[in-house]
Amino acid sequence: MTHPWFEGASTPRVLAHRGLVTPEAARTGIVENSFAAVAAAHAAGGIYVESDCHLTRDGAVVLFHDSDLRRVTGDPRRVDEVTLRDLELLMAPHGGLLTLADALESFPDVRFNLDVKAAGAAEKVGREVAPHGARVLVTSFSDDRRRAALNAAERAGGSIRPATSAGTSTVTRLLGAVSVRSRALARRALEGVDALQVPERQRRLRIVTARFVDYAHSAGAEVHVWTINDPADMRRLVALGVDGIVTDRADVALSALH
């Protein structure tokens, strides 16, 4: 059965990578994963927003990519060293902080793709998304971390388990199955997985090939490729059969692909 996260939306899916920050918005100080960035993606017609989850010192799940604040705010501290109030003040000039709870409440029409960046955040992410499982996909480079979040959502009693995308070890197993041309191994690797979210290449290794996409589809999983900002590359990958494009320019992708 298809998870509700995928239903009622046309493909190729456009996933707004950390929201949408246009060059004009960036010049005003707006940054990724802020309230303003998610609002801009939504206003552009985006249905899917990809974001990241960290935990503050006082236990709030916030949408933030890096483990520290330096690149985004200029503050050298780690996210887990500051309080929610500290981070709210730091993000105020940059589009506003979004906690996970506020994101789910403020954007009820958005389907979130949440990457659990910190191991300590997995349990709370799972609990907070549990009531919203129909419109949440949980992922992480760590399969253990994404499973911890999914299990926490299940324990919290959500009526619909969130969708999930494979971590690095699962993607590696699929690549092995593709290399030996075993669809049985591919199905086994992707059991319980709804999507694969991968770069087109990892250093010299080409990950996304026609055969990779075919094997993923035969096992019931979609393929989403990150982070693609050139319209020609978007169209080329869609022609190859990929189901979704993760992009910093959701506005450009929606125009190019829909």
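Let's start with strand β2, residues 48-55, which is mostly covered: seven of its eight residues are buried. Here buried means under 20% relative accessible area, exposed means over 50%, and partly exposed is in between, with a 1.4 Å probe and protein chains only. Strands are DSSP runs of E with at least two residues, helices are runs of H or I with at least four, and both are numbered from the N terminus. Before going on, a word on the source: this is a predicted model, in which local features need pLDDT of at least 70 and side-chain atom pairs count only at pLDDT 80 or more, while totals for chains, interfaces and linings use all residues. Residues are numbered from 1 along each chain as its sequence is written, and side-chain values use heavy atoms, with hydrogens and water left out.

So who sits beside β2? Strand β1 (residues 13-17) runs parallel to β2, joined by three bridges, and Leu15 stands opposite Tyr48. Strands count as paired if DSSP finds at least two bridges between them. Strand β4 (residues 111-116) is also parallel to β2, with six bridges; there Ser51 has Leu114 as its bridge partner. β2 and β3 make a hairpin with five residues between them, and Gly59 in the turn has a positive phi of about 85°.

Now for the packing. The largest nonpolar core has 57 residues, and Leu100, Phe112, Leu174 and Leu196 touch the most other members. A nonpolar core is a set of buried Ala, Val, Leu, Ile, Met, Phe, Trp, Tyr and Cys residues joined through side-chain atoms within 4.5 Å. Apart from that core lies another, of ten residues, including Phe64, Val72, Val79 and Leu97. Take a look at Phe112: leaving aside its neighbours within four places in sequence, Phe112 is in contact with Trp5, Val38, Val49, Ala103, Leu104, Phe107, Arg135, Val136 and Leu137. Contact means heavy atoms within 4.5 Å.

Helix α7 holds Asp143, which counts as buried at 4% relative accessibility. Beyond its neighbours within four places in sequence, Asp143 is in contact with Ala166, Gly167, Thr168, Ser169 and Thr170. From Asp143 to Val171, the separation is 28 residues in sequence and 9.8 Å in space, C-alpha to C-alpha.

Next, the largest pocket, with a volume of about 480 Å³. The search runs on a 1 Å grid over the protein atoms alone, and a pocket is an open set of points where a 1.4 Å probe fits, with protein on both sides within 12 Å along at least five of seven lines; lining residues have an atom within 4 Å of a point. Grid points are joined across faces, edges and corners, and the volume is the space filled by probe spheres set on the points. The lining of the largest pocket has 26 residues, with Phe141, Gln197, Val198, Pro199 and Trp226 nearest its centre. Two or more lining residues come from each of β2, β4, α8 (168-179) and β7 (195-199), and α8 gives the most, with four.

Most residues other than glycine have a negative phi, and most peptide bonds are trans. A cis peptide bond joins Thr11 and Pro12, with omega about 0°; Pro12 is in the segment before β1. Another cis bond joins Trp226 and Thr227, with omega about -25°, and Thr227 is in the loop between β10 (222-226) and α11 (231-240). Arg18, in the loop between β1 and α1 (23-27), has a positive phi near 60° and is buried, at 13% relative accessible area. Arg203 has a positive phi of about 55° and lies in the loop between β8 (201-202) and β9 (205-206); at 75% relative accessibility, Arg203 counts as exposed.
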